[in-house]
Amino acid sequence: MKKILGIIIGILVVVGLFYFNQPREVKHNNKETIKIGIILPLTGASAYTGNIYKELYDMRLAEIPQNSKFNYKVIFSDDELNSQKSLTAANKLLYLDNVDVMFLSFSGAEPAISDLAKKQNKLAFSLLWDTDTPYQNDHAFNALPLPDQFVSPLLQELQKRGYKRVSVLLGNHRTGLNSLKILKNEAPKYGLEIVDEQFVDLNERDFRILVNKMELKKPDIIISLLFPSNMLMWVRTLKEQGITTPITSIDGFDLLEDKSLLEGVWYVSDSISNPEFERRYKEKYGKDLSFTQALWAYEALNNLINIYETFDTKPTDEQLIQALYKKRHNTVVGDVYYDGNGILNGYGVMKIIHNGKSEIMKGQ
């Protein structure tokens with residue numbers, strides 16, 4: 001009896017998992033279906049950002065009209081920002097679900113996933129800051145601007161405020177390493193010296209020794225390139241230790257849901273403002289769009305759907321690639337375009353945290 005009961009419970013668990021992981025599909029009549037695989041951190045320390053990305057993808061799907069040329073089926077997979085889980089999700093999407101195109105996370109596995117996608121003649125759009133993969137893989141496209149396109153406003157602000165000595169704290173992750181490389185190349189042009197580089201594990205929780213070690217170098221300011229998993233713990237430790245050295249970031253503070261400890265802190269961001277879209281978002285979800293970087297993800301999916309709708313039958317990967325290099329005007333993120341290597345051209349703005357929220361600094 002117990003064995004039969006166990007089997008029944010197992011079946012119910014499988015059925016439950018199947019029910020709650022159904023793909024999102026917009027289906028109108030018997031048209032060809034475009035299958036889109038999307039990998040995001042929907043649980044874990046980065047779930048705040050992953051779920052806002054998902055909400056904006058869902059907004060674009062809801063806008064597909066009845067008379068669209070294709071049906072669109074989106075399959076979301078949660079990677080918890082874990083590279084191995086990203087790879088597992090990608091293999092399922094490519095080989096079992098047979099998706100036509102993929103939108104990737106930023107776990108660090110994206111270069112390898114892009115290679116898998118190319119072998120299947122599929123395109124992959126990545127949220128990872130990665131300058132190399134698009135050059136090496138013509139099926140790989142960035143879905144966000146890269147730091148080398150928007151780090152200049154930060155360095156200009158540092159120079160204007162008279163800072164000379166800069167320390168950098170970063171997670172041991174491809175995103176941070178890429179940003180550090182750009183900072184080291186550009187900082188001397190603004191009279192800035194990077195006096196210290198400290199790498200930490202993405203799961204690091206104890207910063208007591210590290211913050212005092214960095215303070216010994218007497219930096220004028222610290223640039224943080226940490227992930228949400230440990231950013232707030234680092235900020236709390238600074239305050240607990242009474243360290244008043246100013247801090248700033250490249251995008252990092254955008255990723256925090258709770259910004260209350262960072263009042264008055266300014267930083268550079270690739271997120272932009274679009275009041276009309278933000279109003280639509282609030283109408284749909286009943287909350288402010290607090291992480292506006294997700295506008296870039298919305299536009300990436302929007303552009304892909306618009307391209308598909310210019311064809312009468314499902315286009316080849318080469319036809320999609322050719323269409324992606326056309327410049328786009330008046331999008332939710334302004335005028336944007338790809339270089340001939342999959343690098344998305346964008347720009348950054350300076351932000352400041354006021355009353356627990358990020359807002360664009362005056363004069364931007």
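This is a predicted model: local features need pLDDT of at least 70, side-chain atom pairs count only at pLDDT 80 or more; totals for chains, interfaces and linings use all residues.
Is V99 buried or exposed? Its relative accessibility is 0%, and because buried means under 20% relative accessible area, V99 counts as buried. If we set aside residues up to four places away in sequence, V99 touches K35, I36, G37, I75, L93, L94 and K122. As for K69, this residue and V99 are 30 residues apart in sequence, and their C-alpha atoms are 18 Å apart in space.

The strands come next. Strands of a sheet pair through backbone hydrogen bonds, and the pairing is either parallel or antiparallel. Strand β2 (residues 33-40) and strand β3 pair in the parallel sense, over eight bridges, and within this pairing T33 has N71 in β3 as its bridge partner. Strand β3 (residues 71-78) is mostly covered, since six of its eight residues are buried.

A second example of strand pairing is an open sheet of three strands, in which the order is β12-β13-β14 and the pairing is antiparallel. Which strands lie at the edges of this sheet? The edge strands are β12 (328-331) and β14 (344-345), each of which pairs on one side only. Between β12 and strand β13 (residues 334-338) the antiparallel pairing runs over two bridges, and T331 stands opposite G334 in β13.

We can now turn to the helices. Two packed helices are described by the angle between their axes and by the distance between the axes. Helix α3 and helix α4 (residues 110-119) pack at an angle of about 15°, and their axes are 10 Å apart. Angles under 35 degrees count as roughly parallel, and α3 and α4 are therefore roughly parallel to each other. The crossing in which α3 passes α4 is right-handed. On the α3 side the residues that meet α4 are S86, L87, A90, N91, L94 and Y95, while on the α4 side they are E110, A112, I113, L116 and A117. Sorted by class, this contact of α3 with α4 has eight nonpolar, two polar and one charged residues.

Another pair of helices can be described in the same terms. Helix α2 (residues 47-62) and helix α11 (residues 294-308) pack at an angle of about 30°, with 9 Å between their axes, and that angle makes α2 roughly parallel to α11. The crossing of α2 and α11 is right-handed. From α2 the contact is made by I52, Y53, L56, Y57, M59, R60 and L61, and from α11 by A294, L295, A297, Y298, L301, N302, I305 and N306. Which classes of residue make up the contact of α2 with α11? There are 12 nonpolar, two polar and one charged residues in it.

A last stop is N178, whose place is in helix α7 (residues 174-186). Its relative accessibility is 7%, and for that reason N178 counts as buried. Again not counting residues up to four places away in sequence, N178 touches W129, D130, T131 and P147.

Technical notes: Residues are numbered from 1 along each chain as its sequence is written. Side-chain values use heavy atoms; hydrogens and water are left out. Buried means under 20% relative accessible area, exposed over 50%, partly exposed in between (1.4 Å probe, protein chains only). Contact means heavy atoms within 4.5 Å. Helices (H or I, at least four residues) and strands (E, at least two) are DSSP runs, numbered from the N terminus. Axes are lines fitted to C-alpha atoms, for helices over the stretch in contact, and angles run from 0 to 180 degrees between N-to-C directions. Angles under 35 degrees count as roughly parallel, over 145 as roughly antiparallel, 65 to 115 as roughly perpendicular and the rest as oblique. A crossing is left-handed if the near helix is turned anticlockwise from the far one by less than a right angle, and right-handed if clockwise. Ala, Val, Leu, Ile, Met, Phe, Trp, Tyr, Cys and Pro count as nonpolar, Asp, Glu, Lys and Arg as charged, and the others, Gly among them, as polar. Two strands pair if DSSP finds at least two bridges between them.
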